[in-house]
Amino acid sequence: MDWSWEAAYDSIPLLLKGLLVTVEITLLASAVAYALGLVFALIRRTGIPVLSQAVTLFIEFVRSTPLLIQVFAIFYLVPPLTGFTMSPFVTGVVALGVHYATYAAEVYRAGIEAVPSGQWEAATALNLPRSRVWTAVVLPQAVPRVVPALGNYTISLFKEVPLLLGIGVLDVLNRAKEVGAETFRVVEPYTLAGVLFLLVSLPASILVRRLERRAAHS
Amino acid sequence: MIRFSQVAKSYGDHVVLRDLDFTVAPGEFVSLIGPSGSGKTTILRLLMTLEKVDGGTIEVCGDYLSHKKRGEKLVPADEKYLRQARKRIGMVFQQFNLFPNMNVLRNITEAPIHSLGVTRDEAEARAVELLEMVGLADKKDAHPTQLSGGQQQRVAIARALAMRPDVLLLDEVTSALDPELVADVLRVLREIAASTDITILCVTHEMQFARDVSDRVMMFDQGQVLEDATPDKLFNDPDHDRTRRFLKAVIDRA
């Protein structure tokens, strides 16, 4: 195998551009997942009839189908059905965000259940309004506990962004492919793409592990 | 003030309270004693609306607690009605149950501000007063985790009093404490009993304390009131052999 350092070096600017897109999608989709996941968890917890079951069904559905099919469905089916077109970038954020929201919902559920029943009872005894029990007592205790778990999902979400190649998002992998097509050298850009993923997810994993340790101590 | 009429409560097959009748007069300090599993704590939990009765009714200040009137009929109370009913009642728990995400001051001011609608300044002024009363004025900025169990329990007492309840429920409030911390908590409770006209129901195993501060002591056994008397009578000359055996067992253990 011949490896050209020059080809590797030349591919870096485009790959970094792709990495920026990958990171942007990761952060935005995570924000969607964290927010929507919390909404899912709260709806299921409150047990509003019909709505609660609908959310449960939706979560099961999303978890039981491949992410790539969901990406294609949103990209190719939503516009003709709703008349609402989304760019590949926005589609990626929505698809990954909704997909990971179903996992985040489970994480929040566990976090909420870990709040001791005595906290609920004290809140009841103090006659706090329901909304205040959630915002002032339960969530401030539940959310810090689940931050490491959510962080882990963000890392795995980051590694799934290349699936969006299927709808033409210009992420790291797509840029590597582009470089390959232009220069007829594929080994260097794909290798570097892999290295870039490693350079981001490794420190991120270490950070999450630290958060886990801190959460375990408190 | 408080009236239990034919109250029944079971958990599955386990009958905790059966056809329970008793009343408590305004301002009374009533201690509930008896072996564990005799239903004492359940009585407090029913009063705090943490549990629902299976049968019978509970009245507080003439209003039904577990039921509301609809015309002539009684129907189970809904959350809105319960919120109104709960206003009169405060509770202190065995495990303190302070909110660990708030400092001491906020633990005390949270409910007055968000449940009673008191201004922050007013709530904080009152909280500082209460902290002085329980001997923890210097701990207002501390977090619950930085306090000893006895200190946490005194904060919990201040927190309950901040809601200005007519009825205060004390659920084995010293049982989770190291022996040397019990005295401080009991001292605070004695002061409250002496200086306020709050009606207090106290589930306790501290017999000396019950004897000193109670107006009345109720001995429970198997979900019913076995004996209901002044502390003097109940501790010195109980009517039932069961009471005598229970008291002996508790005192021997101590």
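In helix 8 of chain A, the residues A:Glu188, A:Pro189, A:Leu192, A:Ala193, A:Leu196 and A:Val208 are buried. Keep in mind that this is a predicted model.

**Helix 8 of chain A**
- Helix 1 (5-46), helix 6 (130-160) and helix 7 (172-183) of chain A are among the elements covering the buried residues of helix 8.
- Helix 8 runs over residues 187-217, which makes 31 residues.
- At 1.5 Å a residue, helix 8 should span 45 Å, and this agrees with its end C-alpha atoms, which are 45 Å apart.

**Chain A as a whole**
- The C-alpha trace of chain A spans about 70 × 45 × 25 Å along its principal axes.
- Chain A has 218 residues, and 33% of them count as buried.
- Among contacts in chain A with a separation of 6 or more, 79% join residues 24 or more positions apart.

**Where chain A meets chain B**
- The contact draws 15 residues from chain A and 19 residues from chain B.
- On the side of chain B that touches chain A, helix 2 (79-86), strand 8 (89-92) and helix 3 (104-116) of chain B each supply at least two residues.
- Helix 3 of chain B gives the most to that side, with four residues.
- By type, the residues on this side of chain B are eight nonpolar, seven polar and four charged.

Note on methods
Residues are numbered from 1 along each chain as its sequence is written. Chains are lettered from A and ligands numbered from 1 in the order in which they are written. This is a predicted model: local features need pLDDT of at least 70, side-chain atom pairs count only at pLDDT 80 or more; totals for chains, interfaces and linings use all residues. The expected span of a helix is 1.5 Å times one less than its number of residues. A residue is buried if 20 or more other C-beta atoms lie within 10 Å of its own, exposed if 12 or fewer, and partly exposed in between; C-beta atoms are placed from the backbone. Two residues are in contact if their C-beta atoms, placed from the backbone, lie within 7 Å. Ala, Val, Leu, Ile, Met, Phe, Trp, Tyr, Cys and Pro count as nonpolar, Asp, Glu, Lys and Arg as charged, and the others, Gly among them, as polar.
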